[in-house]
Amino acid sequence: QVQLVESGGGLVQPGGSLTLSCAASGFALSQVATGWFRQAPGKAREGLVWIARSGDTYYADSIKGRSTISRDGDKNTVTLEMNRLKPGDTARYFCATGRPSLYSSTYDLWGQGTQVTVSS
């Protein structure tokens, strides 16, 4: 009933762009904070960005200036647009809902993730 599903991942060349979506069911994303995280094999989970219930946003340095988070209330989705992608962006990307932070511990609902691979 309560669920998050990520989509939009795939293979993209360095310098390219990708848009990830986080679709919620069973509750409204406008009533919670939504964060995006990524994890590559052998590396710790990294917080990327969050958007609060108010619409306020915060970006980690790793994606600041080349990514944009937004929320569509009608579709009940949160989107992460990523530009000028680098090989280091290769990871599985997760969305989560909870309280706004770049720490995974403040989120209590997670999606299954979507794979992003940046390679030529």
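Student: Hi! What should I know about the model before we start?

Tutor: The model is predicted, so local features need pLDDT of at least 70 and side-chain atom pairs count only at pLDDT 80 or more, while totals for chains, interfaces and linings use all residues. Residues are numbered from 1 along each chain as its sequence is written, and side-chain values use heavy atoms, with hydrogens and water left out.

Student: Great. How many helices and strands does the protein have?

Tutor: There are zero helices and eleven strands. Both are DSSP runs numbered from the N terminus, with helices being H or I of at least four residues and strands E of at least two.

Student: And what are the overall dimensions?

Tutor: The C-alpha trace spans about 40 × 30 × 25 Å along its principal axes.

Student: What share of the residues is buried?

Tutor: Of the 120 residues, 43% count as buried. Buried means under 20% relative accessible area, exposed means over 50%, and partly exposed is in between, using a 1.4 Å probe and protein chains only.

Student: Let's talk sheets. What is the strand order in the open sheet of four strands?

Tutor: The order is β1-β3-β8-β7, with antiparallel pairing. Two strands pair if DSSP finds at least two bridges between them.

Student: Which strands sit at the edges?

Tutor: The edge strands are β1 (3-7) and β7, and each of them pairs on one side only. From one strand to the next, the twist averages 15°. For such angles, axes are lines fitted to C-alpha atoms (for helices over the stretch in contact), and angles run from 0 to 180 degrees between N-to-C directions.

Student: Why is β8 described as largely enclosed?

Tutor: Strand β8 covers residues 77-82, and five of its six residues are buried, so the rest of the structure largely encloses it.

Student: How many bridges does β8 make with β3?

Tutor: Six, in the antiparallel sense, with β3 covering residues 18-25. One example to look up is T19, whose bridge partner in β8 is E81.

Student: And on the β7 side, how many bridges?

Tutor: Strand β7 (residues 67-72) also pairs with β8 in the antiparallel sense, over six bridges. S67 stands opposite M82 in β8, and S70 stands opposite T79.

Student: Which handedness does the disulfide have?

Tutor: The torsion about the S-S bond is about 70°, so the disulfide is right-handed. C22 is buried at 0% relative accessibility, and C95 is buried with a relative accessible area of 0%.

Student: Now rings. How many aromatic pairs does the structure hold?

Tutor: It holds five. Rings of Phe, Tyr and Trp (its six-membered ring) pair if their centres lie within 6.5 Å; planes under 30 degrees apart count as stacked, over 60 as edge-to-face and the rest as tilted. One of the pairs is F37 with W110, tilted at 5.0 Å centre to centre and 50° between the planes. F37 lies in β4 (residues 33-39) and W110 in β10 (residues 107-110), so this pair joins parts 73 residues apart in sequence.

Student: Is W110 buried or partly exposed?

Tutor: W110 is partly exposed, with a relative accessible area of 25%, whereas F37 is buried at 1%. W110 also pairs edge-to-face with Y107, at 6.3 Å centre to centre and 70° between the planes.

Student: Which residues make up the ring cluster?

Tutor: Ring pairs link F37, F94, Y107 and W110.

Student: Where does R45 lie relative to F94?

Tutor: R45 lies over the face of F94, at 4.6 Å from the ring centre. R45 also lies over the face of W110, at 4.6 Å from that ring centre. The criterion is NZ of Lys or CZ of Arg within 6 Å of the ring centre and within 35 degrees of the ring normal.

Notes: Disulfide = S-S within 2.5 Å.
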